[in-house]
Amino acid sequence: MSVDNEVHPIRILRDTGASRSLLLEGLLPLSEKTHTGSEVLIQGEELGLVKVPLHIIDLKSDLVSGTVVVGVRPVSYTHLTLPTICSV
């Protein structure tokens, strides 16, 4: 995974029940430059609605390679969660 041409190795979980790609906050040097200007509401682990900012990253893996929009969460059980259908 890279941001500003800097490569960062991460652990990816393929989650068949996920509807959005989620990235653990603090793994990448995200900024206003990577922020899409949008946020989405997702149902959090505590079953409440949580506002999640969207960022654009470059991902290279056996699962998906290309530009990916991810939601950024302060708490996650893995570095990056990818849904079964991931748009690039």
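Biologist: Where is Asn5 placed?

Modeller: This is a predicted model. In it, Asn5 sits in the loop between S1 and strand S2 (6-7).

Biologist: Why is Asn5 called exposed?

Modeller: Its relative accessible area is 78%. The label exposed needs over 50%. Asn5 is therefore exposed.

Biologist: What is the C-alpha distance between Asn5 and Asp58?

Modeller: Their C-alpha atoms are 8.9 Å apart in space, although 53 residues separate Asn5 and Asp58 in sequence.

Biologist: And which residue stands opposite Asp58 in S7?

Modeller: Thr67 stands opposite Asp58. S6 and S7 pair in the antiparallel sense, over 7 bridges. A hairpin of 4 residues joins S6 to S7.

Biologist: What makes S6 and S7 a pair?

Modeller: Pairing needs at least two bridges. S6 and S7 have 7 bridges, so they count as paired.

Biologist: How many bridges join strand S4 (residues 22-24) to S7?

Modeller: There are 3 bridges, and S4 and S7 run parallel. The requirement is at least two, so S4 and S7 pair as well. Leu22 has Gly71 as its bridge partner in S7.

Biologist: Stay with S7. Why is Ser65 called partly exposed?

Modeller: Ser65 lies in strand S7. Its relative accessible area is 45%. Buried means under 20% and exposed means over 50%. The value for Ser65 falls in between, so the label is partly exposed.

Biologist: What makes the approach of Ser65 to Ser61 a polar contact?

Modeller: The side chain of Ser65 reaches the backbone oxygen of Ser61 at 3.2 Å. The cut-off is within 3.5 Å, so the distance qualifies.

Biologist: On to Thr36. Which strand holds Thr36, and why is Thr36 called partly exposed?

Modeller: Thr36 lies in strand S5. Its relative accessible area is 33%. That falls between the 20% and 50% limits, so Thr36 is partly exposed.

Biologist: Which residues does Thr36 contact, leaving aside neighbours within four places in sequence?

Modeller: Leu54, His55, Ile56 and Val69. A polar atom of the Thr36 side chain also lies 3.1 Å from the backbone nitrogen of Ser38.

Biologist: Which residues make up the largest nonpolar core?

Modeller: There are 9 residues: Leu23, Leu28, Ile57, Leu59, Val64, Val68, Val70, Leu80 and Leu82. Strand S6 (49-60), strand S7 (65-73) and strand S8 (80-83) each give two or more of them.

Biologist: Why is this set called a nonpolar core?

Modeller: Because a core takes buried residues of nonpolar types, Val, Leu and Ile among them, joined through side-chain atoms within 4.5 Å. Nonpolar side chains tend to be buried together in soluble globular proteins.

Biologist: What about the whole chain: how many helices and strands?

Modeller: The chain has 0 helices and 8 strands. Of its 88 residues, 35% count as buried. It exposes about 5500 Å², with carbon and sulfur atoms supplying 53% of that area.

Biologist: Which elements have the lowest and highest mean pLDDT?

Modeller: Strand S1 (residues 2-3) has the lowest, 60, and strand S5 (residues 35-43) the highest, 92. The chain averages 82, and 83% of the residues score at least 70.

Note on methods
Residues numbered from 1 in each chain as written. Predicted model: local features only at pLDDT ≥ 70, side-chain atom pairs only at ≥ 80, totals over all residues. Heavy atoms only, no water. Buried < 20%, exposed > 50% of the residue type's maximum accessible area, 1.4 Å probe, protein only. Areas by Shrake-Rupley, 256 points an atom, 1.4 Å probe, with all protein chains shown as cover. pLDDT = per-residue confidence, 0-100. Contact = heavy atoms within 4.5 Å. Polar contact = N/O pair within 3.5 Å; in protein donor to acceptor, adjacent residues only side chain to side chain.
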